[in-house]
Amino acid sequence: MSVQTEIARIENAKEALKTAINAKGGSLTDESIESYAEAVNKLETKELKFLTAGFAYSFAEVSGFFVTDGEGETSEYSIADIIKDGEAAGKVKDAGKYELSISNGAETYTAAFVITKRNIDETDITPIGTLEYIGEALTPEIDITLNGVPLTKDEDYTVVYADNVNAGTATVTVTGIGNFTGEVSVTFEIKEQLYYATGTIYMTSGRPAVMLTVTLSGTTVSGESVSLETQTDISGVWIFTDLRNGTYTVTYNSEEHDVELIALS
């Protein structure tokens with residue numbers, strides 16, 4: 001029985017008692033009238049109110065409620081039946097509109113209760129920092145929590161990445177779903193580390209090979225083909241700079257040699 005139905009029933013009973021008293025034309029004794037009055041007073045309903053009519057989603061399941069009546073008395077009611085968004089539900093946890101049957105053991109009432117969605121901008125997102133360019137899309141995992149509790153991707157939120165291939169500022173758009181709503185964006189930096197390769201060539205006599213042509217060839221991590229050429233200096237040293245990360249070899253005197261990349265500071 002709902003609170004509203006209970007109130008209507010009691011009001012109708014009170015009116016019926018008053019009509020019965022008036023119909024007697026005052027022939028009832030004072031004692032009888034007092035008895036009727038006492039009976040009417042006992043029919044006064046205690047209008048139940050939740051101490052909170054709802055709250056924001058918090059991962060926790062609600063198993064009972066504290067309610068207060070019109071006289072300020074508070075008691076605990078357990079949940080008997082749950083209707084969420086018009087359908088039967090097994091628990092009060094997720095965001096939605098609930099119609100609950102609650103009982104204190106002696107009386108059962110139905111009442112509405114709401115759990116609202118949390119805005120995704122209320123969460124804490126761990127900064128991503130700076131990532132190294134690899135020639136393909138970077139999609140770092142997002143560490144996102146609410147009051148220390150981690151959220152689950154594709155259950156609590158979705159992510160969309162933008163400008164996340166080349167060097168510069170990439171953007172991650174986080175959109176709340178399920179028990180969360182709203183949208184928030186975070187950024188991270190992509191830095192392209194450049195490298196150089198060098199070596200020294202000597203002739204069979206042990207003297208530096210001067211003005212010897214050296215060819216570098218290979219492929220960057222993004223699949224780009226590279227072919228460069230230089231000559232040794234008076235010390236027999238060759239060098240290639242501003243190389244992207246990748247795999248390279250150098251060729252001189254018709255011989256091919258592997259290249260070790262050294263990061264430019």
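**Terms and the values behind them**

Tutor: Strand β22 (residues 255-258) and β21 pair in the antiparallel sense, over four bridges. The model is a predicted one, in which local features need pLDDT of at least 70, side-chain atom pairs count only at pLDDT 80 or more, and totals for chains, interfaces and linings use all residues. Residues are numbered from 1 along each chain as its sequence is written, and side-chain values use heavy atoms, with hydrogens and water left out.

Student: What makes β21 and β22 a pair of strands?

Tutor: Strands (E, at least two residues) and helices (H or I, at least four) are DSSP runs, numbered from the N terminus. Two strands pair if DSSP finds at least two bridges between them. Four bridges are found for β21 and β22, so they count as paired. Within this pairing, Val250 stands opposite His257 in β22. The hairpin of β21 and β22 has two residues between the strands, and Asn253 there takes a positive phi near 50°.

Student: How do you know that β18 and β21 also pair?

Tutor: Six bridges join β18 and β21 in the antiparallel sense, and Thr220 stands opposite Gly246 in β21.

Student: Why are β20 and β23 said to stand at the edges?

Tutor: The open sheet of three strands has the order β20-β17-β23, with antiparallel pairing. β20 (237-243) and β23 (262-263) each have a single partner strand, so one side of each is left without a neighbour in the sheet. β17 and β23 pair over two bridges, and the rule asks for at least two, so the pairing stands. Tyr195 stands opposite Ala263 in β23.

Student: Why is the pair of Tyr57 and Phe180 called edge-to-face?

Tutor: Rings of Phe, Tyr and Trp (its six-membered ring) pair if their centres lie within 6.5 Å; planes under 30 degrees apart count as stacked, over 60 as edge-to-face and the rest as tilted. By this rule the count comes to five aromatic pairs. The ring centres of Tyr57 and Phe180 are 5.8 Å apart and the planes stand at 80°, so this pair is edge-to-face. Tyr57 is in the loop between β2 (54-56) and β3 (64-68) and Phe180 in strand β15 (residues 180-181), 123 residues apart.

Student: What makes the pair of Phe59 and Phe180 tilted?

Tutor: The planes of Phe59 and Phe180 stand at 50°, with 6.2 Å centre to centre, and the pair is therefore tilted. Phe59 lies in the loop between β2 and β3, so the pair ties together parts that are 121 residues apart in sequence. Ring pairs link Tyr57, Phe59 and Phe180 into a cluster.

Student: How do you know that Phe180 is buried?

Tutor: Buried means under 20% relative accessible area, exposed over 50%, and partly exposed in between (1.4 Å probe, protein chains only). Phe180 has 1%, so it is buried. Met211, in the loop between β17 (195-200) and β18 (213-220), has 52% and therefore counts as exposed.

Student: What makes Arg118 and Glu122 a salt bridge?

Tutor: A salt bridge is a side-chain nitrogen of Lys or Arg within 4 Å of a carboxyl oxygen of Asp or Glu. For Arg118 and Glu122 the N to O value is 3.0 Å, so the term applies. Arg118, at 13%, counts as buried, whereas Glu122, at 39%, is partly exposed. The structure holds four salt bridges.

Student: Why does the term also apply to Glu224 and Arg244?

Tutor: The closest N and O atoms of Glu224 and Arg244 are 3.3 Å apart, so the pair meets the rule. Glu224 is in the loop between β18 and β19 (225-231) and Arg244 in the loop between β20 and β21 (246-252), 20 residues apart. Glu192, Glu224 and Arg244 are linked in a network of salt bridges.
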